[in-house]
Each structure stands twice: as C-alpha cells, then as structure tokens.
Amino acid sequence: MQEYLLKMEGICKTFPGVKALDEACILVKKGEVHALMGENGAGKSTLMKVLNGLLQPDKGRICLEGEEIKVENPAAALKKGIAMIYQELNPIRDMTVAENIFIGREFMKGLFVDKKKSEAEAEALLKRFGLAIDPRARMRTLSIAQMQMIEIMKAISSGAKLIVMDEPTSSLTDEEIKVLFQKIEELKKAQVSVIYISHRLEETFTIADAVTVMRDGRYIATRDVEELDKNTLIQMMVGRELSNIYPKEEAEIGKTVLEVKNLCGDRFWDISFQVRRGEILGFYGLVGAGRSEVFRRIFGMDSGSGGEICLDGKALSISRPYHAIRSGIVMVTEDRKEDGLVLCRSIQENIALPNLKRYQKGPFLNGEREKKECREIAGKMSVKMSGLHQLAGQLSGGNQQKVVLSKWLMEQPKVLILDEPTRGIDVGAKAEIYALMCEFAKQGLAIVMISSELPEVMGMSDRMIIMGEGRIRGEFRREEYAQDEILKSALGGKEKEEG
Amino acid sequence: MKTEGKFLKRENVALYVRNYALAVIFIFVCMVFAIASPTFLTMTNIIGVLRQVSVNGILAVGMMMVIITGGIDLSIGPLAATAGVVSALLLEKNEGILVPAVLAGILSAAIISMWTGMLVAKMRIAPFIASLSTMSIAKGVVLVIADGVPHTIKDKTYTNIGNGFLWDPSKTGGLSIPIPILVFTAVAIVVGVTLYKTRYGRHIYAVGGNENAAIASGVNTVRVKFCTYVFNGILCGIAGIVLAGRITSGQPTAASGYEMDAITAVIVGGTSMTGGVGRISGTIIGVLIIGVLNNGLVLMGVSSYYQQIIKGVIIAAAVLLDMKTKKN
C-alpha cells in the first residue's frame, strides 16, 4: 500500500447563496496521476483553489505527507510543494525562459543576479526533460505548449511534490499533447504527483492512474482507472435526478426567425442552425466549446470570416451590435459586469441606454416618458430596487440580470440570446428568470439559451444543439433528451456508436 | 413626482454628501480668507476672482466631459492659444470682421482637436499620449501662424469679451457682472443640458462607465469619443477668445499650463478619473475652490512657491474624499 501524499477531507466552502463545496475530498498517492472529473460547476476548480490557497475553506483539513497544513496563499502553497498550472498561462513575455523559471528565486552573486548560473541551471533542467528550448529565448517567442512546459519546469525546479494541471490540453495540438503526456510520465518516475483536470474522457484513460469524480460540490467516488469504463464514468458524473424547478410551458412554435448558415470564426467552424418563433433553443457544451463565440459573432461583438445570418429570410450584415439590435437580435451576454451593465450608472440609465431613440423629442430626451416606461418594464421583470436611481452596481446578481432583460425587452425584439443567463444567481431569482423566459416564448420571441448547466438546458429548451471544440456535435429534440447521451456527445462525438 | 425627488436624494446620498462637502469646503475656505484679509470680500475682489476663474471654468467643463468618457486632454492650452491668435490675426488684416474672426478662431481649435479625437476614437491610442501629440502639434502650429509674436487686438468689442461688464459698474457702485462670467455660465448650461438631457450625453456616461457595455447596447463609441474631443476643442476655442480679449492680444504661448488647473478643478469636483461619473455642479465648485485658493493665498501674501504646495495637497485631499464617499 502506497502512502498518500495529499489528503483533502471534508472541505466545505459556501459562497453567498451557493454551497460550492460540500464535504469534498480527494486522496492522492505519491507519484500518481490523479484525474479530477465532473461537470461544469461540480466544484473541481473551487477545490483546487482551496488547495492552492486562493480560497480559504469554511471547514475541512488538508494533509500533505501526513502532516496537516494550512495554505494561506499561492506563494505558501508553492513553498510547501504544491504548484498549479492554470488554464490561462501568464508568463512575463519579455523576460527570458531562464528568468521565468527562476523568478522570485533568482540565484544571486552578491547584490546582483547571477545570470550565468540561472541559465546553466535552466539548461540542465530542460535537458533532463528532453526539451529543446533555449533558456535565453524570450518567452514571447515560444508556443503555448512550450510556455506550458516552462511552467512545469518552474514547478519542478521549485521542488514541487504535487502539480495541479487545469485543462492543460485545451489549447494544444495532438502532437503537443503527446509530448505533454511523455513529460507527465517522467514526472511520475520522479515521484511527483499530478492532479489532472480535464473534460476529455480519452485523456483521462490514457494518462491517469486514478479518478475522483465530483458532482454538485460533493465527492462521489474514487476509482482506479483500470476498473472503469467510459460509460460508468459518465454515469458517475451525471447521476442526478432532474429536479422540477423548471417551469417549462409549451409555447406555440411558429416559423423560422433566425437562420445561420455555415458560420465560421476564429474558434468555431461551419455552424448552421435555425430558431423558430416561440422556441427555446438550448446550446450546450463544455466550457471552451465555442458557444459564446458563435453568438458574439451573430450579435456583432466579434468579427467573423464567413457564413450567413438570416433574419425572417433576409440576409443580414452585422459588424457591430448596433446592426443586430436594429434588426431585432438582442443578447444578454455571459458577463454582466464586463459588457452587460454600466455599473456606476443608475438602473434607469441602464435600461434606457439602448432605447434612447424612443424618448427623443426634438434635440432632447423626454425624461417623463423615459421614467414611466423604465418603471413599467422594471416592474414587469420584478426588479427589486429602492428606486430607478439606484446604481446598477448595488443590485444583486439576479436583479442585475433582470435589469439587462428589461433593457432588451423594452422594444419588442425578435430573437433573444441568453448566454449563461443564470450564472452566479441564487435559486429564487433563477426560477423567476426561467418563468420570464417561458413568457417571452409565449409572446412569440425566438430564444437561444447558452448554458453549461445540463439540467437547466434540458429543463428549459425545446431543442438542444451540442457543441464541442468549435463544431456542432449533435442535436436533440426535447423528447430525445437523455443525460448520458448528451454528455457523451459533448465530451466527444465518437463515443456515440458504442453507447 | 415629488416622491421621486425624495427617492433621488436618498439613493444618491453619497453623491449629494460629496457635493455638499465640496460646498462646505468652499465656504470654509472663503471664511478663512475673509478673516485673514480685509480685501477678500470687497466687490472688486469678488468680481476679479469670478473673472479670473471664467477661463479655467470653461476649460474645466470641457475637460470634465472628456474625463467622463474615460479620457483626458492635455492639449487644451495650445488649443485656446490657437483661437486667440487666429482671430487676432484675421482682425489685424481686416478690421471690423469681429464675428467671422472669432468664429474662425474657435473653428481652428475644433479642427486641431479632431486629431486627438481621431487618434483616441479611431486608432485607439491612449488619450494621454494622443493629446500629448496634439499638444505639441498645436504649440507648433500656433507659433507658425503667429510667427512667434503676439498680435494686439484693437477691436473694443473683442477686448470687452475679456474685460467688459454687462452694465457699467461705476453707475451701480461697483456692482456688475463681467462678460467672461456670462460666457462661462452659458457654456456650463449648454454642457449641463447636453450631459443630462440628450442621447449624446447619456452615451458619454455609458462610454466612460463601461465601454464594452456601451458597444453591446448599440452605442457608436467611436463617434461619441470623437465628438467629445471636438466639443472640448470648441470650448477651448471659446476660452481662448475670452482670454485673448482679457490680455488684449492673441499670444501664441497664452494659456500654457492651463490643462493642469482644469484637470485639478475637475478632480476636486468629484469626477471619477476612470470615467462614467461626474456632475457639472461639482466641476463648478471645483473651479471656484481653485480660484478662491489662488486669489486668497495671493491676498495673504503667500509666495507662489507655497501656493503650488498647497494646491498639491488639496488635490490629494479631494481625491481621498472622493474615494471615501464612493466606498460607502
């Protein structure tokens, strides 16, 4: 029996309104590659943030090599031998490879940095792992895969016993993934443990020794990879009953409103679909599947290279959101703070912003009418506020989302795109937003709902399109919905024949 | 509608407190000077202060609009000088064409500010750098036009814009309104109405508050930013005319360094440097505080060296106040 390098037990973490971790745990043996799996929002990243000291747990204990430790921050974690390699790398691009590896731990010669020694050390390290990278090269000249390798080297040179890799392959090519896996094998030989987070099932079976599955912030099970097959694993990841918080009501589905043909962009290819009047079309996929990018293109926030967008049978040319809004396509973006609301301005100003033309009276705005209509629509959406002059930034997430909905539904749009409409919103407000969606559909709006929460998409949509790696992977009608089929399709289309 | 007014007050307590706090500071400063110097509260001195703050006031109001969009304009001094020189030169060559000359002066400032507008809005260069470029260009342009020398303005009406009164003060025992104050008031009203009552004004706040959200709401942010720099250029032109009238000549180096006074007044007035927040009333009080400080310190015989130090401390104190009221 091998000893455990890391034991995290009974970890609890509550965010306002959400229990992100509920008695979560993970046990990692020395020199093992341990995959951490679960759906979006299962709590994997939160658990790793606790391990890394970015978050402090409310409860629970972390033991490293049998000793209980407290991790105050990422620097302390690194000192204790826990290194984390993030999905988004941020090296200092204008410094050299050697400087990046030894940053914060520079070799000194008196008062000055010993450049020669650090370069020699870096060279030796790179050679040991068979990497053909010049330690004197600037970081910006490296590929993303190479930068990732440098991050790993940095972790090893600082004496890491445990390296956490969060979706390390998401931006790598197949060739680069092979190299990465070789390096992980070498790490194993050096008795370094790896916690590997990935959405790709195949990778887990290729590289991992053991798997821990999480769901809804809770620990589900840990198994050796040899005793597992893909279906069991998916079963473990999904295995939840659909609760009935989705007040889906049937709306009359009419003619096609929005039709997209062969749309291409930087991170998606050949996207074609249609949405009808009164229909709620779900767009499901794992994080990074390219769903948001497709709709940012349709809404004119990103530019694209090819394809056609038709509204009511007429082709549109959209290069700015203004064009989309004018045609009747509106979008509730993924990040309210980033591009949904002007937080330092009032609720009224936010609701009125895209609708100011309505209130134009000569050169000025008709303030009375604006106030009246804003109050009406905010009332319809039941925005809880102390007054229209309250600042948008003072509202809770759910109420902010309702303000965003208000601003778009003032003028009757034809297509409503909702990107993660319930993210960061408490359960009560979620239900209200679902109810509003049903009502909009009844009024004849065509709705697209992008979501990473499978139960939500299954509960609310009439039809679902699955995206993965920038392409459409499948389509399901409401009567065909089955969690494992959908998840399989999202994880990798190839598995479909087997199941 | 009355309840709405009350609501408005309760919701914006922080903002009101800040505006009142500024007013309180202003009154306090006035009181200190009134006690320290017997001449401070005389009619002549008050009128003198008001006349002096007018040019900075017009510039500050324009600067405030630019800052609300999240930008800054360092080129306002040379822009004002351009307007003065262009109008003075035209009058020198053709006597009696006051109105076209003044309009041409203002227009020339507006045209130069298009350079900043284009660099910032279209080319997305940082406003600080873009306006630094314009500042240098405008400084050169105005020296070329003026051939490096001041041009005297003989037109009585023109010099009255800077020095005149609404009615003759000698008949009312020194009580009158200087023309520059009228110009400043008119500019403040126009800018206030633009900011609060027009679509463009709302767009200015949205662009500065969250540019991405503004774009996603269909606002043409490029146009809004461009127009704001040009609008500011027009105001610089007007300020330049008032200044040229007061010093009775178009000087190529007039108004140099005025950008710092304008920025100071705007910040003291509670406008957020990150954009999106700012009120005309705050800026006016900011202008008055700076003006009274300048005047009172001179009356008290404080050397100009110390004046600089005191002004610097005031800026820091105002910004600290700004941050504190925002947190609550």
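## Terms and basis

A residue counts as buried under 20% relative accessible area, as exposed over 50%, and as partly exposed in between, with a 1.4 Å probe and protein chains only. This is a predicted model, in which local features need pLDDT of at least 70 and side-chain atom pairs count only at pLDDT 80 or more, whereas totals for chains, interfaces and linings use all residues. Residues are numbered from 1 along each chain as its sequence is written, chains are lettered from A in the order in which they are written, and side-chain values use heavy atoms, without hydrogens and water.

## Cysteines

A:Cys344 is partly exposed, at a relative accessible area of 24%, and A:Cys12 is buried, with 7% relative accessibility. Across all chains the structure has zero disulfides (a disulfide being two cysteine sulfur atoms within 2.5 Å). For A:Cys344 the nearest cysteine sulfur belongs to A:Cys374 and lies 17 Å away, while for A:Cys12 the nearest is that of A:Cys25, at 11 Å.

## Where chain A meets chain B

Chain A brings 34 residues and chain B 29 residues to their contact (heavy atoms within 4.5 Å). The buried area, meaning the accessible area (1.4 Å probe) lost on putting the two together and summed over both, is about 2,500 Å², and carbon and sulfur atoms give 56% of this. Of the area that chain A buries against chain B, 21% comes from A:Arg345, A:Leu353 and A:His389, more than from any other three residues.

One salt bridge (a side-chain nitrogen of Lys or Arg within 4 Å of a carboxyl oxygen of Asp or Glu) is counted between the chains, and this joins B:Arg202 to A:Glu370 at 2.8 Å, N to O.
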